[in-house]
Amino acid sequence: MIGLRSVLGRRRGEQAGDPGEATYSDVRLYIRLLADARRYWPHIVVVFLLSLLSTPFTLLTPVPLKIVVDNVIGDEPIPGILDRFLPSFATSSETAILTCAVVGLVSLVALTQLRDLLIVMLKTYTGERLVLDFRARLFRHVQRLSFSYHDSKGTTDSLYRIQSDAPAIQTIAMDGIIPFITTGITIASMLFVIYRIDWQLVLIGLSVSPALYLLSRSYRPKLRQQSREVKKLDSRTWSVVQEALASMRVVKAFGREDLERDRFVERSSHKLRARVRLVLAESWFAVLLAMTTALGTAVALFIGARLVNSGSMTLGELLLVMSYLSQLYEPLKAISKKAGRLQLALASAERAYSVLDRQPEVSERPDALPLARARGDIEFRSVCFSYGNDQDVLRDISLTLPRGTRLGIAGTTGAGKTTLVSLLTRFYDPVSGEILLDGTDIRDYRLDDLRNQFAIVLQDAVLFSTTIAENIAYSRPNASFDEVVEAARAANAHDFICDLPEGYETLVGERGMRLSGGERQRIALARAFLKDAPVLILDEPTSSVDMKTEAAIIASMERLMEGRTTVMIAHRLSTLENCDVRIELEHGEIVSRFDVTALKRTTDMDARVDERQVAGSGISA
């Protein structure tokens with residue numbers, strides 16, 4: 001149990017930090033969200049105009065009740081405005097007036113429902129398009145961020161922001177801004193109508209406004225902070241699920257299903273408590289708002305009843321005013337109930353923009369040079385690198401590789417082999433020194449053009465859950481099927497592909513798990529053949545296959561390396577016998593170097609010197 005607790009504690013500690021999270025004000029978030037939604041402003045405007053119809057509909061809804069009370073049940077005269085607009089037969093009798101009131105009420109309900117239907121359809125379409133565009137933008141940016149960001153945050157955090165935080169743009173743009181504006185217009189209209197009846201009731205209605213403002217101002221920061229905590233803990237909860245499912249073979253092999261379940265429950269419990277605290281804060285906010293508005297309604301009812309008794313107001317007018325006050329306070333109470341949801345959406349938008357505002361550590365210069373196809377001359381000049389700490393991973397690496405050279409890099413795990421080739425492809429930039437390709441610093445090239453010069457085959461071949469043909473064509477999506485087959489033949493993969501029931505249309509499964517390790521590696525080699533890049537990087541491509549498969553892969557690699565500058569990584573120098581230059585790394589430094597080409601040049605030179613000496617001495621060879 002002590003061991004399990006220490007593992008859990010250590011893994012919790014790895015996730016505890018949350019560096020680099022930016023915070024934004026509500027106004028700034030609203031402005032940015034509206035700017036991002038500018039493509040759909042016409043749709044939003046139509047929704048806004050339809051929402052504005054709620055003002056006249058709301059104002060007219062209690063009118064039929066007033067007419068029935070004052071003009072059918074009571075003996076008050078028909079209001080002048082109705083007498084002017086309605087035909088004479090509609091006001092000729094109490095029955096006619098009652099019929100008009102009933103028909104008017106039903107018509108208002110029908111029009112309101114039709115308006116609501118149009119709003120729902122348009123809001124759904126516009127909202128989904130907003131979310132799709134925002135997710136695509138966020139997904140694109142996350143892919144452009146440097147590996148150091150993904151190393152610190154993990155893939156689940158990025159996935160959660162794309163999937164769960166991006167919909168905040170829909171919630172805020174469609175359900176936050178528009179209702180706020182339409183509610184403000186409706187409230188102003190109601191206050192105007194109430195003012196025309198009795199100005200004292202307007203003052204009563206407005207008297208609760210300062211209290212509502214102060215409550216909102218005091219609770220909003222608290223709700224935002226708790227919303228941030230809920231989103232952060234929810235993301236960490238799902239990281240447990242993603243990690244366990246991605247490592248299912250290891251989990252099952254060690255029988256640790258219960259341990260992973262306990263991790264999930266533990267993280268979920270933290271989120272549950274944070275969610276309860278958020279709901280509790282929302283509920284107290286709603287209670288205080290309800291009590292404040294109830295006090296205002298009670299005072300208005302008291303004064304209104306006194307005015308009716310004194311004859312200054314009719315009973316129908318009192319009912320109309322109370323109905324307006326009820327509808328005046330109802331949007332405020334509804335907004336209070338949505339306050340938590342809105343703050344949760346703002347917290348999500350904050351998290352999304354925190355990523356969008358993060359600049360990649362590896363960036364492209366404004367005046368970057370284009371690069372169609374490199375010759376393949378590579379040079380490392382005093383390159384040093386570290387992962388943000390004091391300890392250097394690479395120190396003073398200097399190498400010169402003419403085009404067509406095969407460089408073999410050996411060394412123990414952690415010696416810096418993979419880091420060296422990661423610098424070459426600009427997954428990271430060196431802390432000091434420079435790397436040249438064809439005599440130009442690689443930081444001067446366009447990033448996409450630079451990476452297009454490399455074909456990479458990794459130790460663990462990465463395949464996507466699609467067909468074999470599409471996996472091979474991933475390096476050149478516009479390649480023809482014949483070119484895909486030719487690349488597979490060159491990689492010794494064509495025969496086993498044809499033996500599969502669906503051939504090149506066979507689905508390889510998630511991460512290619514329906515294929516063996518050797519089959520996945522040969523497809524990766526076929527992908528490299530198809531790309532036909534001038535520089536080839538082989539990161540221990542045969543370390544996880546059997547000897548027979550290794551022989552087939554080595555034969556394919558020999559063909560692939562012909563005419564290309566090649567960087568090959570291995571744990572042992574003995575596996576790099578076909579390389580022209582071999583180096584061994586230890587603690588980030590080159591501890592040994594063997595240049596086969598230089599040795600051959602020296603041997604040839606010595607042989608020519610011996611021949612000249614023999615000829616000069618007159619001795620017959």
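How are H19 and H21 oriented to each other? H19 and H21 are oblique to each other, angles under 35 degrees counting as roughly parallel, over 145 as roughly antiparallel, 65 to 115 as roughly perpendicular and the rest as oblique.

## Basis of the model

This is a predicted model, in which local features need pLDDT of at least 70 and side-chain atom pairs count only at pLDDT 80 or more, while totals for chains, interfaces and linings use all residues. Residues are numbered from 1 along each chain as its sequence is written, and side-chain values use heavy atoms, with hydrogens and water left out.

## Overall composition

The protein chain contains 23 helices and ten strands; helices (H or I, at least four residues) and strands (E, at least two) are DSSP runs numbered from the N terminus. Of its 621 residues, 42% are buried, meaning under 20% relative accessible area with a 1.4 Å probe and protein chains only, whereas exposed means over 50% and partly exposed lies in between. Among contacts (heavy atoms within 4.5 Å) between residues at least 6 apart in sequence, 78% join residues at least 24 apart.

## Packing of H19 and H21

Helix H19 (residues 481-490) packs against helix H21 (residues 517-531) at an angle of about 125°, and their axes are 8 Å apart. Axes are lines fitted to C-alpha atoms, for helices over the stretch in contact, and angles run from 0 to 180 degrees between N-to-C directions. H19 contributes Glu483, Val484, Ala487, Ala488 and Ala490 to the contact, and H21 contributes Ala526, Phe529 and Leu530.

Within H19, the buried residues are Val484, Val485, Ala487, Ala488 and Ala490. Asparagine 492, which follows H19, has a positive phi, near 55°.

## The six-stranded sheet

Six strands form an open sheet in the order E6-E7-E8-E3-E9-E10, with mixed pairing; two strands pair if DSSP finds at least two bridges between them. Strand E6 (454-457) and strand E10 (589-595) are the edge strands, each pairing on one side only. From one strand to the next, the twist averages 15°.

Strand E9 (residues 581-586) pairs with E10 in the antiparallel sense over six bridges. Leucine 585 stands opposite isoleucine 590 in E10.

## Helices on the sheet

Helix H16 (residues 417-424) lies across strand E3 (406-411), E6, strand E7 (535-539), strand E8 (565-570) and E9, and runs at about 155° to E8. H21 also packs on the sheet, where H21 touches E6 and E7. The direction of H21 makes about 175° with that of E6.
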